[in-house]
Amino acid sequence: MSSLKSTLPSFLSPHPTKHSEEEGNYLRGVLNHTKSFPGTAEALWWPCLDSEALNTILVLVPGNPGIVDFYIPFLSALQTECARFNRGLAILCHSHLGHAPSLPLPSETSLGLRAQVETRLEVYDHLRQAYGSKIKLVFVGHSIGAWIALQVLKERKDVDDVFLLFPTISNIARTPNGRRLSWMFNRPIPSIVSSLGPMAQVLPFSVYAWLFPTWPHAQHLVLKSLATSRSASYAALYMAHEEMETVKTLDTDLLLKYKKRLWFFFAERDDWVGEERERIIRSLEHDQESIQVVHGTGDIPHAFCISHSNELAVQCASWLSARHVI
């Protein structure tokens, strides 16, 4: 494969500290946002397996924390699964502003939900400019990323499909976890918690393995990078506060308007969604034939990307195949 700089899309730049080397089947870069909400986001790019056959680009919008490395197993598995019937799928994963431990923290105005929506609109525009209108664009949103992806669809109406994984798209503060944890996101808690980052540096790695014994080693490393980054942990908590304050009334009109392009995956139990799952499903009951809803088995948690990537990769690949997107 050619160098990272020549292989990345034209709107991405090589990562300033993680130099131009290929990591597995993806490439690492950054996207410098200079418009309404300035800041630098980390990006991972999976080039399509046949550069002459590119027909679909899938954009992953992470949950919170929006660290791209959490999603490497899922997106690698997804491209492998899709390669069984088409090699023309490329994948882009773009971090939330402020959530990349290896990059500088932008101003506080660039940490909120509107900033994350605007940066995804910029991603959409970059992709259209670079690859044209014939390339199909599919947005995949996990957790709060599902809400962000819906805002992109609302403002860029020719997004081909949106996959909503464990979607937190209404009344987050009323969910079981919202009720239990929202106090942690209020000032001055984010500043206090993030200030403990230097202390986390001295914790032996075995502590992470002890706290989360079922997690793979690679995900322990990602968690440590978050815990030891004062900027990323602050950005995640700051954004969580905005989620509690902003994501309230379910936008039923939006769901009904774009019902044929929406695909839902819900956990059997999800304390970040709670009773909102049934509210979402009820709002669409009168048109169930147009709505694609999958209920996961009991062992697939909200944070699926930690150790259940393969199951969701198979599901998303089947959706892509069913819609003849690839």
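Strand E2 and strand E3 (residues 39-46) run antiparallel and are joined by seven bridges. This is a predicted model, in which local features need pLDDT of at least 70, side-chain atom pairs count only at pLDDT 80 or more, and totals for chains, interfaces and linings use all residues. Residues are numbered from 1 along each chain as its sequence is written, and side-chain values use heavy atoms, with hydrogens and water left out. Helices (H or I, at least four residues) and strands (E, at least two) are DSSP runs, numbered from the N terminus.

**The sheet**

- Nine strands form an open sheet with mixed pairing, in the order E1-E2-E3-E5-E4-E6-E7-E8-E9; two strands pair if DSSP finds at least two bridges between them.
- Strands E1 (13-14) and E9 (292-295) stand at the edges with a single partner strand each, so one side of each has no neighbour in the sheet.
- E1 runs antiparallel to E2, with two bridges joining them, and Pro14 lies opposite Gly29 in E2.
- A hairpin of five residues connects E2 to E3, and Arg28 is placed opposite Leu44 in E3.
- Strand E2 (residues 27-33) is largely enclosed by the rest of the structure, because six of its seven residues are buried; buried means under 20% relative accessible area, exposed over 50%, and partly exposed in between (1.4 Å probe, protein chains only).
- Strand E6 (residues 136-142) and strand E7 (residues 161-165) run parallel and share five bridges, with Val138 opposite Asp161 in E7.

**Packing of H3 and H10**

- The axes of helix H3 (residues 113-131) and helix H10 (residues 230-246) come within 9 Å and cross at roughly 95 degrees; axes are lines fitted to C-alpha atoms, for helices over the stretch in contact, and angles run from 0 to 180 degrees between N-to-C directions.
- H3 and H10 are therefore roughly perpendicular to each other, a term that covers 65 to 115 degrees, whereas under 35 counts as roughly parallel, over 145 as roughly antiparallel and the rest as oblique.
- Leu113, Arg114 and Gln116 of H3 make the contact with Met239, Glu242, Glu243 and Thr246 of H10, where contact means heavy atoms within 4.5 Å.

**Ser194**

- Ser194 belongs to helix H6 (residues 189-194) and is buried, with a relative accessible area of 2%.
- The side chain of Ser194 reaches the backbone oxygen of Pro190 at 2.8 Å.
- Leaving aside residues up to four places away in sequence, Ser194 touches Arg230, Ser233 and Tyr234.

Notes
Polar contact = N/O pair within 3.5 Å; in protein donor to acceptor, adjacent residues only side chain to side chain.
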